[in-house]
Amino acid sequence: QVKLLRALQEREVTPVGSSQAESFDARIVSATNRDLESEVAAGKFREDLFYRLNVVEIRIPPLRERRGDIPLLAKHFVGGIARELKTPPKEIGPEAIAVLLAYDWPGNVRELENTIERAFVLSGEAITVNDLPDKITSRGVSTPDGRKPDSLEEREREYVYEVLEAVSNDKVEAAKILGIDLSTLYRKLKRYEEI
């Protein structure tokens with residue numbers, strides 16, 4: 001912490017193997033999942049370094065608090081993995097998306113990325129629930145009213161309604177996002193009304 005603080009204050013560093021300091025002009029972007037103000041209060045993080053780094057603070061809520069990002073991130077990771085492996089991208093089935101949405105993601109985006117990479121490698125033409133790790137498929141999370149989802153169908157139902165809400169009930173757009181035909185979406189909605 002002392003060396004970093006000195007470099008930031010003096011705007012110069014001494015490269016390894018050199019005895020001459022060199023000036024630099026840089027923007028510093030730092031990230032942490034710790035509460036640095038508490039760390040400063042506990043004496044675990046230097047207060048002067050904290051204030052030097054904390055010029056513009058951007059708080060990003062954990063993934064469990066922004067579940068709407070999960071399908072978009074999952075599809076993004078699938079695209080990246082496909083490019084890296086030089087293979088066609090795979091679809092993620094709606095049931096698999098529903099399970100991803102129901103999980104709490106204690107490891108945040110990095111855990112989601114690793115999960116998608118694993119599922120991509122293990123899956124056939126599309127990623128299904130069977131390609132997801134047991135810890136994700138067997139441990140659900142509480143719904144907003146505090147109860148556990150009863151079934152995979154209920155999780156799917158919640159996801160479908162989330163997507164519809166996100167697109168202002170535009171069923172054509174929702175079907176595209178869900179990766180299903182419009183007629184399939186109507187069938188699902190009819191079935192959900194009967195549950």
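Modeller: Lys75, Glu91, Ile92, Ile97, Tyr159, Ile177, Leu178 and Gly179 line the largest cavity. This is a predicted model, in which local features need pLDDT of at least 70, side-chain atom pairs count only at pLDDT 80 or more, and totals for chains, interfaces and linings use all residues. Residues are numbered from 1 along each chain as its sequence is written, and side-chain values use heavy atoms, with hydrogens and water left out.

Colleague: What makes a space a cavity, and what makes a residue part of a lining?

Modeller: On a 1 Å grid over the protein atoms alone, a cavity is a set of points where a 1.4 Å probe fits but cannot get out; a pocket is an open set with protein on both sides within 12 Å along at least five of seven lines; lining residues have an atom within 4 Å of a point. The whole structure holds one cavity of 30 Å³ or more. The largest pocket takes up about 1500 Å³. Of its 35 lining residues, Ser30, Ala31, Thr32, Glu57 and Ile58 are closest to its centre.

Colleague: Why is Leu85 called partly exposed?

Modeller: Buried means under 20% relative accessible area, exposed over 50%, and partly exposed in between (1.4 Å probe, protein chains only). Leu85 has 45% relative accessibility, so Leu85 counts as partly exposed.

Colleague: How far is Leu85 from Leu178 in sequence and in space?

Modeller: They are 93 residues apart in sequence and 25 Å apart in space, C-alpha to C-alpha.

Methods:
Grid points are joined across faces, edges and corners, and a volume is the space filled by probe spheres set on the points.
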